[in-house]
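Subject: The structure I promised you

Dear colleague,

I am handing over the structure that we talked about, and below it you will find my notes on what turned up in it.

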Amino acid sequence: MKLLQGKTAVITGAARGIGRAIAIKYAENGADVAFSDLRYDDNVASLEKELIAVGVKAKGYASDASSYEDSEKFIETVMADFGRIDVLINNAGITRDNLLMRMTEADWDLVIKINLKSVFNLTKATQRIMLKQRSGSIINMSSVVGVEGNPGQSNYAASKAGIIGFTKSIAQELGSRSIRCNAIAPGFIETEMTANLPEDVKADWMKDIPLRRPGTVDDVANMCIFLGSDLSTYVSGQVLNVCGGMQL
Ligand code: NAD
């Protein structure tokens, strides 16, 4: 059964990692996929090919999710190319970890702008389309760190906690038009974002995971399938942890 047949999804930051896995699972489940990343590079081109080979309509765009103007243009172009948007997945994100003592203002500002402002930019640009359609699902990529906090990640934790407040507010603003908004809080997922963490930090994370393994990008993508599909039509304003039961 193809759970997303007939739907069009927009995914930010999909050239690699979790976003890429979501794009592939969405296509496998029948969705047309418009995705963005900072540059139109080989990763974007190869993903575009891979999705089209599955038999759906797919296109990659160079767009900076942290830029208001870029995001407006991106969504306008997607509408011209695809004609509708049923699911918006705000996935783009970065880390610039440091203890507060050593954190620069630039690293604070950058993380808030890319992780949190991007969610405002894309949701604002997409809401009028979903309002006209009187349906839609918005999925925002938060983190367990946004729920629990984490030393050395105060900028990242603040951005991801901000996403949760935004998600719950938008669920209340748009719910009467059948537009749902939820956040996913992944735990420790193996991607390039986590590849460079020191071994002792990784070992520390592993101790806190009852399922005794790191998460995969597909673990997170499967939750996105649930939230983007009609399996979750009565789920809104929630934070769904995908973290192997992790207790921080
Ligand atoms: P990743 O670094 O592997 O991929 C992130 C992608 O976003 C990259 O392709 C990057 O180029 C793109 N990107 C960065 N800034 C962008 C911008 N301004 N506009 C458009 N694209 C941009 O990261 P990932 O591990 O796949 O993480 C994806 C999301 O999941 C992030 O929001 C991250 O915070 C969140 N997350 C990851 C983990 C984890 O353990 N990996 C845990 C919790 C939450």
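Where is the place of serine 178? Before I answer, please bear in mind that this is a predicted model. Serine 178 sits in the loop between α6 and β6, and its phi is positive, at about 65°, although serine 178 is not a glycine. Arginine 134, which is found in the loop between α4 (105-133) and β5, likewise has a positive phi without being glycine, with a value near 55°. These two values are worth a look because most residues other than glycine have a negative phi.

Next comes the sheet. It is an open one made of seven strands, whose order is β3-β2-β1-β4-β5-β6-β7 and whose pairing is parallel. Because β3 (58-62) and β7 (239-242) stand at the edges with a single partner strand each, one side of each has no neighbour in the sheet. From one strand to the next, the twist averages 20°.

Helix α9 (residues 217-228), for its part, lies across β4 (87-90), β5 (136-141), β6 (179-186) and β7, and runs at about 165° to β6.

Last, there is the ligand. Which residues come nearest to the ligand, of the 29 around it? They are Arg16, Asp37, Asn91, Tyr156 and Thr191. For arginine 16, an N or O atom of the side chain is 2.7 Å from an oxygen atom of the ligand, while for threonine 191 a polar side-chain atom lies 2.5 Å from a ligand oxygen. Glycine 187 takes part through its backbone, with a polar atom there 3.4 Å from an oxygen atom of the ligand. Of the 830 Å² of accessible area that the ligand has on its own, the protein covers 94%. The elements that give two or more residues to the shell around the ligand are α1 (17-28), α6 (154-174) and α7 (192-195), and α7 gives the most, with three residues. Sorted by class, that shell has 13 nonpolar, 11 polar and five charged residues.

With best wishes

Definitions and conventions. Residues numbered from 1 in each chain as written. Predicted model: local features only at pLDDT ≥ 70, side-chain atom pairs only at ≥ 80, totals over all residues. Heavy atoms only, no water. Near = heavy atom within 4 Å. Polar contact = N/O pair within 3.5 Å; in protein donor to acceptor, adjacent residues only side chain to side chain. Areas by Shrake-Rupley, 256 points an atom, 1.4 Å probe, with all protein chains shown as cover. Helix = DSSP H or I, 4+ residues; strand = E, 2+ residues; numbered from the N terminus. Nonpolar A, V, L, I, M, F, W, Y, C, P; charged D, E, K, R; others polar. Pairing = 2+ DSSP bridges. Axes fitted to C-alpha atoms, helices over the stretch in contact; angles between N-to-C directions. Contact = heavy atoms within 4.5 Å.
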